[in-house]
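Please read it alongside the sequence and coordinates.

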Amino acid sequence: MSSGGQIAMRIIPTILCGGSGTRLWPTSRTYAPKQLQSLVGEKSLLANTVLRLKSQANCTAPVLICGQSYAAEIEAQMKAEGAPLSAIIAEPMGRDTAAAAAIAALWAKKVQTENPDEDHVVLLLPADHHISDIEGFHKALDAAGQAALAGYISTIGITPNAPETGFGYIKRAETPLKNLSSYTVAKFVEKPDEATAKSYLESGDYLWNSGMFAFAPDTFIAELSKHDIEIAKQSIAAFEQAELSVDLNGLSHLSFTPQAFSAIPKNSIDFAVMEHTDKASVLPADFGWNDVGSWSAAHEIADSDSNGNVLEGDVIAIDTENSLIRAHDKLIAAVGLNDMIIVDTADAMLICPKDKVQKVKAVHKHLKDQGHAVADHHGPGSTAYIAQQKSRARDWLFNAALPFWIENGLDRKNGGAYEAVDFSGSALTEMPKRLRVQARQTYVFSHAALLGYAPAEDALKVPLDFMLRHGQRPEGGFGHILSPEGVLLDDQADAYDHAFVLMSLAWAYKATGDKSVLQTAESVMDFVFAELRHPVRGFREAIPESDALRRANPHMHLLEAAMAWMSLHSHSRMADLANEIVGLFNTHFCIGGLLREYFDEELGPLPKSYPAIDLAVEPGHLIEWTYLLRLYEKLTGDSTDATATMEAFADRYGINPLTGLVVDHVHPNGQMLDAPTSRLWPQTEYIRLKLQAGTSHDLDLALHMFERIADDYMTFDDRMPGYWRDQLSADGQNLLDRAPASSFYHILGCLEPLL
């Protein structure tokens, strides 16, 4: 109960962990922002923000709103720092502070419903401020909370002590609100020039805008609905679709579907609500606040020596005054310096006069414009680098690729998926439709639906229905190629196609629960086992058979399909198929520790008289088989010794040292073919395999390869529109004038572990 007969309240501190703090480069970076760094003392700014709320008796443990990429890192850091949280709300992408405030209000409404005997107030706080007067801070929170309970959206204004031009200002009314310490807001003012800032300081009516807010959840939602209905509506929709889990320690995790969250318009709380509402109030406060917005601010609040220096790490300072010097892994000797900033990190150093620290932001912008990695993260292996690449993968998949292929890659008139698009994004509508593409796109959209991408639930039916309606042969099984309208042009029953039919049906059945899909899958299994089985061993290439050599590749995809049925549905018949194909790998496909591509009628090795391309090794298939065999080991416990040899061979001989890309073919002795090429799919299989390993080194290799394919295959005129190049020459030239839809299957497979 608060003193003086005021309304009892329970404060829910909600900390916004966003922003990049670019004026504090090189310690703070785009994907390693200042709030996660130790700039003042030993703990991070975020940890200090959480810990200073522990002694506020009427506060719950804080709620943290952060990017999904940082959630795990933040949770681990807070646990290590002894900084308790009640919930982590993970945003799949940033939508600015109005959306964050709306989500905070909706979360508080949920808490209020579960605790109806308490009046809850949201306290919205930045994660990166320094406060020296903790008792004064707590008193201000109580006062702002009382204004919130009285029906106001209360912001905390800092009484200025200097004509700062780096802050926004709030002009307050002349007299306080009745029975409150807060004032009505007269107006919000953007960052002023120095003369104007001096006039604000002299008037005594202006306060620094601290970015702290207190409000009752119903009040904020009502005002947001009045002044920006679209943000309110979409925030409510995203919140209702969000997934809530609670771990063993009682920490709640709220995560959103990317599609729903991305629909929320971006806007700040000031522009969306505070500048329009008649319920805005401001509480004047002075509790030693500093937004740690620059290196000079960091120097000001840190403990300094008798010469005014802040020295961290291995530093010698002679005849040096009023300077901040932070050493990383080397000695820094400073002689005769005054009012300087020197900050060293593993890969960059800043040297700057204190009166020029506002220019550091321009350094960061220049580095960003040049595409320099030091703008974004602290180098390979850093948590920021990992977060950056995961965020890039997630954003491309959910905000570019899936929307693009659902909008442009599906034939809504005739049914089915288009075979390819050109590099303007237009579907090649006259191309015949291969059955395997229908199956692969069914898999893609089924998998996406299971990942929470709602539009894929409808999209998966387009290629699935087309495949089932037009692709089946009267005598059983599926044909090979269809016209754009669905006429079966080639009724050959191809084993490779049937492998993808089986895999797509496993995922479609998981996504839809449709029993007819299961029934169709069982009939396909019957056809494969009865009609496609080879009389000697393994499976035929096709019916009717051609004179082509037999291949390991259709068997590999049958193994992949079998394991999909094993892992998704615990299917025993397909488990038997997986066992059979792994046996064939061990006895026939793997020769001298290496997978071969082509075989004679009895799956025997080809004589050396065959053309070099038939005898060549495909590093992409070495990688793909290795991944699948290790997945088989995970499912069954049975290992295959050759996987280590195949991975080592692919790593040693399968990557072009000039491009860093996996090549399409090499000779069995490891020698690279003349004019090597690199298709997209081997790169994706490389990523998937390295992610499967789970070591930090392999993760780094995978993320570097993702960077390469994002830049070399997926970027067009500095944009990543959602389609791709399929094959590059050794000098980086594109070799195909279209983006085949069939590659999406490979891409999704490698991105899924990054999501």
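Which residues of helix α15 (residues 461-470) are buried?

1. The buried residues are V462, P463, L464, F466, M467 and L468, where buried denotes under 20% relative accessible area, exposed over 50% and partly exposed in between (1.4 Å probe, protein chains only). Their cover includes α13 (435-450), α14 (455-459), α16 (495-512) and α17 (515-531), together with β21 (433-434) and β22 (481-482).

2. This is a predicted model: local features require pLDDT of at least 70 and side-chain atom pairs pLDDT 80 or more, whereas totals for chains, interfaces and linings use all residues. Residues are numbered from 1 along each chain as its sequence is written, and side-chain values use heavy atoms, without hydrogens and water.

3. In helix α6 (residues 217-227), P217, T219, F220, I221, E223 and L224 are buried. Among the elements covering them are α3 (96-114), β9 (206-215) and α7 (229-241).

4. An open sheet of 4 strands has the order β14-β16-β18-β19 with mixed pairing; two strands pair if DSSP finds at least two bridges between them. Because β14 (310-312) and β19 (349-353) are edge strands with a single partner strand each, one side of each lacks a neighbour in the sheet. Strand β18 (residues 340-344) runs antiparallel to β19, joined by 5 bridges; D344 has M349 in β19 as its bridge partner.

5. I318 lies in strand β15 (residues 315-318) and is partly exposed, at 45% relative accessible area.

Key:
Helix = DSSP H or I, 4+ residues; strand = E, 2+ residues; numbered from the N terminus. Contact = heavy atoms within 4.5 Å.
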